[in-house]
Amino acid sequence: MPATQILVVDDDADIRENVRDILEDIGYEVDTAADGEAALRLIRNHHYDIALLDYIMPGINGLELYKQIRQLRPDIVAIMITAHFGLDCTHDAIDAGTWRVLSKPLDIGTLLLLIEQASQWPIVLVVDDDPAFCDNLWETLRLHEYRVDIANTESEGIEKAEQFVYQTAIVDLRLNQGDGRHVIEIVHRLRPDAKLLVVTGQRDEINSLPEGVKGLCHKPVDMDELLRLLQ
């Protein structure tokens with residue numbers, strides 16, 4: 001299994017390098033960025049599993065940075081780190097979708113435990129052209145310790161399936177731009193051990209599912225049923 005890729009974003013050079021040294025000594029692969037703009041450039045060009053984000057930085061603060069990261073790479077697990085720890089900070093960060101908030105000075109033991117936990121989460125590719133459904137599914141699965149990547153078109157789904165490794169794909173067969181079956185074919189060919197699930201609003205599709213599909217949910221999706229299929 002490839003090493004977990006971590007991005008550390010902090011305007012304090014000492015903190016960036018200390019955290020990098022500790023994580024690299026353990027075996028993680030680490031990049032660093034001094035501000036939000038540099039972090040976004042890295043995220044556009046590299047794959048990361050986990051991002052450690054300083055809350056207060058010049059320019060884009062950690063909260064706004066994560067909102068942009070979520071648009072680009074919703075599967076990245078974010079841990080916010082702040083010297084201004086409080087209920088408002090924690091609430092805003094968690095509400096935006098970050099997983100945990102840690103206070104400075106950083107408790108390295110707690111950080112390492114969280115990174116180890118997040119690195120074990122299964123990664124799910126969701127291919128669906130309904131943004132509200134994708135957002136709801138992202139929120140639900142995150143609470144059950146899944147990482148979720150999202151594609152809204154056939155071409156985007158195929159591109160992501162070819163670039164990254166997913167343990168599960170949840171695909172709507174009928175997309176406004178393309179055919180979900182083609183995405184399923186690619187995932188099944190590249191990752192024959194991946195679990196393939198279909199969500200659909202079309203009842204007639206139950207008799208013509210692509211090869212490799214292990215389960216089907218009709219829309220509106222019963223999230224409890226979908227979680228049972230995932231597990």
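The following legends describe close-up views of one predicted model. In this predicted model, local features need pLDDT of at least 70 and side-chain atom pairs count only at pLDDT 80 or more, while totals for chains, interfaces and linings use all residues. Residues are numbered from 1 along each chain as its sequence is written, and side-chain values use heavy atoms, with hydrogens and water left out.

**View 1. A five-stranded open sheet with parallel pairing.** The strand order is β2-β1-β3-β4-β5. Helices (H or I, at least four residues) and strands (E, at least two) are DSSP runs, numbered from the N terminus; two strands pair if DSSP finds at least two bridges between them. At the edges are β2 (29–33) and β5 (100–103), each of which pairs on one side only. Neighbouring strands are turned by 20° against each other on average, direction ignored. Axes here are lines fitted to C-alpha atoms, for helices over the stretch in contact, and angles run from 0 to 180 degrees between N-to-C directions. Strand β4 (residues 77–82) runs parallel to β5 and is joined to β5 by four bridges. T82 has S103 of β5 as its bridge partner.

**View 2. Helices α1 and α5 across the strands.** Helix α1 (residues 13–26) lies across β1 (5–9), β2 and β3 (50–54), and runs at about 170° to β2. Helix α5 (residues 108–119) lies across β1, β3, β4 and β5, and runs at about 145° to β3. Contact means heavy atoms within 4.5 Å.

**View 3. The aromatic pair of W99 and W121.** Rings of Phe, Tyr and Trp (its six-membered ring) pair if their centres lie within 6.5 Å; planes under 30 degrees apart count as stacked, over 60 as edge-to-face and the rest as tilted. The count by this rule is one pair. W99 and W121 are edge-to-face, at 4.9 Å centre to centre with 75° between the planes. W99 lies in the loop between α4 (87–96) and β5, and W121 in the loop between α5 and β6 (123–127), so the pair ties together parts that are 22 residues apart in sequence. W99 is buried at 8% relative accessibility, and W121 is buried at 6%. Buried means under 20% relative accessible area, exposed over 50%, and partly exposed in between (1.4 Å probe, protein chains only).

**View 4. The largest nonpolar core.** A nonpolar core is a set of buried Ala, Val, Leu, Ile, Met, Phe, Trp, Tyr and Cys residues joined through side-chain atoms within 4.5 Å. This core has 43 residues, of which L53, L65, L141 and I170 touch the most other members. Helix α6 (residues 131–143) gives the largest share, five residues. Leaving aside neighbours within four places in sequence, L141 is in contact with V124, Y146, V148, I170, L227 and L230. Another core, of 21 residues, lies apart from the largest one and includes L125, A169, V183 and V198.

**View 5. Two cis peptide bonds and a positive phi.** Another cis bond joins K219 and P220, with omega about -5°; P220 is in the loop between β12 (213–218) and α9 (223–230). E145, a residue other than glycine, has a positive phi near 65°. E145 is in the loop between α6 and β7 (147–151) and counts as partly exposed, at 41% relative accessibility.
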